[in-house]
Structures are given as C-alpha cells and as structure tokens.
Amino acid sequence: MAVFACLLLCGSGQVLARDNGERAIFDAAFDDTFNRYHLPGLAVGIVEDGKVVYTRAAGELEAGKGESITTETLFKIASNSKAMTTGLLARLVDQGKLAWSDPVSKYLPEFRMHDDWVTQNIQVRDLLIHNSGLGPGAGDLMLWPEPNHFTRADIINGLGWLKPTHSFRAHYTYDNLMYVVAGEVAAAAGGKPYDQLLREQLFQPLGMQRCQVGEWNRIEVGNVAQPHMRIGDGNQVIRRDGDLVPDATGMAAGGIRCSLDDMLTWVRMWLDPQSQWVSATQRRTLWSVQMPMPVSQRMRNWDNTHFNGYGYGWRLSDVDGVWRVAHTGTLAGMYSSVTLLPDQRTGIVVLINGSGGEARTVLTQALTKHFTAPEQRATVAGYAEALAGERGKTGRSSVQVPDTSARASLPPAQAKDALGRYVDPWFGTISLCTVDDRVVFASDKSPLMRGEVMQVGGRWLIDWFDDSVDAEAWLEFHPRTADTGGRLSLSHVDPDADSSFDFPDLDFSRVADCP
C-alpha cells in the first residue's frame, strides 16, 4: 500500500534543476497544489535557458483505477491548441500559400457574418485576435459540451445568425468559433484537412510523437488522462472517452491532446531563437500585440503589469518588468497553461485532468515568480489565500446566485401550451415534450443538453441530467401570437456561469407538435 501511495503522490518524471534548492522549490509548489486542490492528476515541466530542468507527474488517468499519470500521458490542452493553429498558419504564410490580410471569403466563399460589410472585410488575421464583435462565448454551444453532432460546416453557417454585441474590431472579446474558421482557412490554403496539415507541418517535424488530433484510437495510443469534476469529497470521471476518439469539431480552437514531454518540445522550439520552424518575421508577428486587452486589478497587484494584449494565439504582457508570452486552456475537467519568458529562455507547462482552475492559477503564478521576482519567495499557499480574499466571505467572485433549492417538477398540464418541437437557426432543433410524466428539454444535436424542466416560484428552470453540464438555465415560454406559433428563450441562473453556455443567443420558434 505504501508503494502504491508513493506511485500516486510522489509522481514520475525526471528532475534536472540547477541545484537541490531550486528542485525543492519546484517540488514544494507541486506538492502543495496537488494536495491542496485534491487533484486527480497533475503534470508540470520547466525549461530554463532552453533546457528541460524539471518534469514531474502525479496522480491517475482515472481516479481510483491505479493507472499512473506520466510525462507521456495525453491531456486535453484545450485553448493552447490556438497557438498551434496560428503556428500552422504562419508556416503557410512562409510558404506563400496565404497572407494575414487575405479576406476570409477568398478561402471560404460560403463564410457569412451577420453584417454583410463584416463578411466582405474580415481578414484571416481577424479570426485570431478576438475582435469579431460577437459577445462572450457566442455560438460555443455548437462546440461544447462534447460529444455532439455539430460539424464545422454547421459552425460556418451558424455564424451568420449570431448577432454582434459591439462593432467589428472595436475591442477584445474572447471567441472560439473564429478559430474553427481559421482551421478551415488553413485546410483550404494548404490543400489538406486541418488535422493532416497539423501532423505533417507541426507534430512530425518537431518530433511531438504523442500529440493527437482528428480521429484516433484511444486503446492503440494508450496512456490517456480522463477529465474529472469534484463531487463531494472525491473526483469523478466525466465525459469519458470511448475506444475511438472522434474528430473534434473545435479542434483548431481547443481540440488537440498532447503529453507533457510533447508540450516541452513545443516550448523549447519557441524559446530557441535559431529555430527555423517558422521564420523570424512570422515569429515576431505572432508575438506582436494585435489587439489590446484590459489590465486587470489582479495583474496590477500580483505582477505590476503595465501592458496586456493578444497576438496570434498568444497573450502578451509584462510581469515584474519581464516579457511574458502565455496562454491557458480550459475544458470541462481539463486545465492547461503554457508560460514563456522569451528573454530568459524560460518556459513553464502545467497540465491538470480535474477541476483545476484555481490550482492552475496559483501554481503557474508561483513558478513564474521564481524567475521574475525570486526575492519575493512566492508560494502556492500565498496565492491561494489571495484568491480566497478576492472571493470574500460569501465564497462568490461577484454576484449572488438565486436560491433554487425549492425547485419541484413542472406538472405537464402546466406546460401544455408550450410543449412541442422548436428550432433555433444556429443551434438547430430541440423538443420540449413529456417523457415519463416529466417535462424534458432535449437538443437533437447536443445530447448532453437534456434535462427536466422544474419550477422555482413562478419561473421554469432546466435541471440538466448530466452533472458535467453545470450551468443551469431559466426557460421562458413566449405564447403564440398572430405571427408566431410560440417561442422559447434561455438565460443563465448563475450570472457568473461559463459564457460558453451561450444561452442569450438562443431564440427558438415552435415548428411542430411533440411526437
């Protein structure tokens, strides 16, 4: 039993830190994070002066199964996929196959935005810097929760129905769908599917042998971490992979999986000024501020940050006077971060297969400070306490969530006028029908978007059947009029819910009776 415990908690990997003192600092940060946040699995790698000096992995592929995470374990890197997409595009620019200023319609004639002028003027570069004019998370319900049945053609068609919330190029608002479009632009310019291009142009030349994209066989590949969420005192697997992992519709935005060893290869390439994988010109372009971003109060307090901006697939800022190039990745049950300090040729990679948002923040911050402000002796505990202070005594980051504990099943008789089949122009068809004497909301194309309609006071609430769909929705029925057969709209119960649950952009029109 003691040997098994050490296998899980002591971790695997190679430690090559400059001295025992530095190794002890890295180990302390790793151990505190792993134990404080009760993570199912964690992998960390550090590069100094272009060399890998620290790797460590701990935990399990699936909680309770005893299969240990190693430096070769595949994790979902989520939005750290975006830098791989922009790197691929930069290679195509170097090869003369596209230009950043090319109109998107040159490669995708079917591409449409809600505004015709934007359709005509949006360029390849605009797909990469979150300036589309769409609101936060617009259309993300076509990507997540996975698995679903939306295609990349659905996304390109759906964009034309998503109404902007501000002017094109006015300011930064994070967007995933444009990166899906960017992947299709790469495919059109490169003459091959995106996943094939990525294997040929990135994984193979750089020797990133474990990375996976597109459709692949989990059994043949092996050593694949599963996502978890924290339920009660334990970690529970959610959205478990089948034997065959399907092509992810959003792979160019967040669908790539890689190991810690592969991510360190990726990091070392970027920290090597002599690397010829992309030209020096394109490297500068990718790492130049293309869209200003706000400097948060936390960045000011923690890092004395003076500037913040988005390049092509990278966030650019300063921390303690040191230039930082970084990105994070977030999917249900999977968190990643990549931090580069190019002038020091230093890089940090963190991969987590559990509910690890805060864990990623505090660990990345403590490790970064070791290189930018070592005299501060920053610790995971210190940053964890700072986050707790931000939340305050309520445990909430900003607003109060309505109390819905008094919910009760909605009697079908009370919903009889609302029952039927409905269509939203980008999300597709849903049913609001009686199933086993319960009123059930169910999406045709997104199987996890299925739940019972409850009543809370005078309102209707959708209680999703799958616990991993953790953003409950208010459901409102708009009765029939002379012009419509009835409508449904959704809104967030928790105003702080993940914006990828894009309820505000949904507008369902009734088209048929329940079967």
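**Entry 1: a neighbouring pair.** I started with Lys416 and Asp417, which form a salt bridge (a side-chain nitrogen of Lys or Arg within 4 Å of a carboxyl oxygen of Asp or Glu), with their closest N and O atoms 3.5 Å apart. Lys416 is exposed at 57% relative accessible area, while Asp417 is partly exposed at 43%. My cut-offs: buried is under 20% relative accessible area, exposed is over 50%, and partly exposed is in between (1.4 Å probe, protein chains only).

**Ground rules.** I'm looking at a predicted model, where local features need pLDDT of at least 70, side-chain atom pairs count only at pLDDT 80 or more, and totals for chains, interfaces and linings use all residues. Residues are numbered from 1 along each chain as its sequence is written, and side-chain values use heavy atoms, with hydrogens and water left out.

**Entry 2: other salt bridges.** How many salt bridges are there by this rule? I got a count of 28. One of them pairs Asp31 with Arg56 at 2.8 Å, N to O. Asp31 sits in helix 2 (residues 20-36) and Arg56 in strand 2 (residues 51-59), 25 residues apart. For these labels, helices (H or I, at least four residues) and strands (E, at least two) are DSSP runs, numbered from the N terminus. Is Arg56 buried or exposed? Arg56 is buried, at 8%, whereas Asp31 is partly exposed, at 30%.

I then checked Arg240 and Glu62, whose closest N and O atoms are 2.2 Å apart in a salt bridge. Arg240 lies in the loop between strand 6 (234-237) and strand 7 (244-245), and Glu62 in the loop between strand 2 and strand 3 (75-76), so the pair ties together parts 178 residues apart in sequence. Arg240 is partly exposed at 48%; Glu62 counts as buried at 12%.

**Entry 3: strand 19.** Next I looked up strand 19 (residues 450-456): five of its seven residues are buried, so the strand is largely enclosed by the rest of the structure. For pairing, I needed DSSP to find at least two bridges between two strands. Strand 19 runs antiparallel to strand 20 (residues 459-464), with six bridges. Three bridges join strand 18 (residues 438-443) to strand 19, also antiparallel, and two join strand 15 (residues 408-409) to strand 19, again antiparallel.

Which residue of strand 20 stands opposite Met454? I found Leu461 there, and Ser409 also stands opposite Met454. Arg450 is the bridge partner of Ala442.

A hairpin of six residues joins strand 18 to strand 19. The hairpin of strand 19 and strand 20 has two residues between the strands, and Gly457 takes a positive phi near 65 degrees there.
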